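Hello,

I am passing this structure on to you. Please look at it first, then read the notes under it.

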Amino acid sequence: MGQQFGRRSWAEPWKIKMVEPICMITPEERLKACREAGYNTFLMRSEDVYIDLLTDSGTSAMSDRQWAGIMLGDEAYAGSRNFYHLEEAVQNYYGYQYVIPTHQGRGAEHLISQATINQGDYIPGNMYFTTTRLHQELAGGTFVDVIIDEGHDPTDLHPFKGNVDLDKLQALVDKVGADKIPYVSLAGTVNMAGGQPVSMANVRDLRAFCDRYDIRIYLDATRMYENAFFIQEREDGYASKSIAEILKEFCSYTDAAWMSAKKDHLVNIGGWLAVNDADVAERARNMVVVYEGLHTYGGMAGRDMEALAIGIAEGIMDDHVASRVRQVRYLGKLLMDWDIPIVEPVGGHAIFLDAKRFYPHIPQDHFPAQTLTAQLYLDSGVRSMERGVVSAGRDPETGAHRYPALELTRLTIPRRVYTQAHMDVVAESIKAVYDVREATKGLQMVFEPEYLRFFQARFEPLT
Ligand SMILES: Cc1ncc(COP(=O)(O)O)c(C=O)c1O
């Protein structure tokens, strides 16, 4: 893991051909920017950010081949040849039959939710994701968390903390009846749990369970390449299989998938829905023309679909995924060596600081994870994001805050963008903020939008 940890045995499988200058603004300018943004990193200008770890979504560096693909855009309204390249890539690597492009992941979430959920249905899943759950609720469903308990414990070292607890699922079936459960919403990896994977054994057992009750399994495949890497590394019988082989087997136990292509597929925009049921595909295709665009572009330009088709094949390469996850681990190791509390084991796409242990004196009502994002930015211009009580939002029935067990600050690593030196700077900044933690006070929320409040809420420091 670098000179600090002995001989380094791996490096990124690429070299840099084009760069984008970045710079750190002064502490006074950062304070001004933070105030103007209402202490919400989503409301900051990227120019005011030094190292941007807000998200790994749409922030990857495309390859020379992807950029070449951009020049091959076939911008016909209907039947663009780039769509057929995309369709073939999804069918080839994921194995689903019908492919519907969308502008990004939530476009696909919208289609699948509206096409399959009836008012009063229940959607069990391995922990909520913000946009996924909202679309399920807007379609009339209620999300029910059925992840194993370990997934809610930032210190538990279970190798597959994203697994579904089949006893919890059984309890839901017994309570509401299988006919009220259109599908299990399965995500690999689980973003809100810290990028934690689901095992092959678990999805196989889930398939057997769902077959007994005629329940579908729909996969949020957003970071399935990283999930497949963890299976290869940790699960018996998979060490000599490629990520592509593991992905194909995993998907074979599911009935459909939606995808935010802005992650694994190394593009700046794009998504898709892929299903095996012809009638679900028909319903989704009917809706795509209302909300996204024709079923052969779904909100993307032809050139975007070409870059995406190429990114599907590039992102799945074993050496790429391994170096990507190991860079995340490198940052995690630096922090753990300083005893800074993070979610363990380190997941695939991000380091999640455990704000409850970082700031034990700040109650969840004073938004410790949000506070930590602001403190980090003020220290060094590093941008992170909140994944705690703000992201969890309010219970639609009671209107009260939802208090998740996990109160986290996410430092998400874009793919192929930052170097080891950037990771060192980030770690040192977190250490500096940790060293003054006892003097840090929380925030109060002064503006709250109706939906997905973490994007646009505003805060002020408590005095
Ligand atoms: C697990 C997961 N699902 C769905 C989405 C939604 O995708 P998009 O942002 O492309 O709409 C995201 C985005 O962050 C995600 O991380």
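**Ligand site**

A polar side-chain atom of Asn-191 sits 2.9 Å from an oxygen atom of the ligand, a polar contact being a pair of N or O atoms within 3.5 Å (within protein, one must be able to donate a hydrogen and the other to accept it, and residues adjacent in sequence count only if both atoms are side-chain atoms). The protein covers 94% of the 390 Å² of accessible area that the ligand has on its own; accessible areas come from the Shrake-Rupley method with a 1.4 Å probe, and for residues only the protein chains shown count as cover.

This is a predicted model, in which local features need pLDDT of at least 70 and side-chain atom pairs count only at pLDDT 80 or more, while totals for chains, interfaces and linings use all residues. Residues are numbered from 1 along each chain as its sequence is written, and side-chain values use heavy atoms, with hydrogens and water left out.

Arg-223 has a polar side-chain atom 3.0 Å from an oxygen atom of the ligand. For Lys-263, an N or O atom of the side chain is 2.8 Å from a ligand oxygen atom. There are 13 residues around the ligand, and Gln-104, Arg-106, Asp-220, Ser-260 and Lys-263 come nearest; a residue is near a molecule or strand if one of its heavy atoms lies within 4 Å of it. Helix H4 (residues 105–116) gives the largest share of this shell, three residues. Helices (H or I, at least four residues) and strands (E, at least two) are DSSP runs, numbered from the N terminus.

The largest pocket has a volume of about 1400 Å³. Of its 35 lining residues, Met-18, Ala-61, Met-62, Arg-416 and Val-417 are the closest to its centre. On a 1 Å grid over the protein atoms alone, a pocket is an open set of points with protein on both sides within 12 Å along at least five of seven lines, and a cavity is a set where a 1.4 Å probe fits but cannot get out; lining residues have an atom within 4 Å of a point. Grid points are joined across faces, edges and corners, and a volume is the space filled by probe spheres set on the points. Helix H2 (64–70) and helix H12 (318–337) each supply at least two lining residues, and H2 gives the most, with three.

**Cavities and chain**

There are three cavities of 30 Å³ or more. The largest cavity has a volume of about 80 Å³, and its lining includes Glu-12, Trp-14 and His-320.

The protein chain has 16 helices and 14 strands.

Regards
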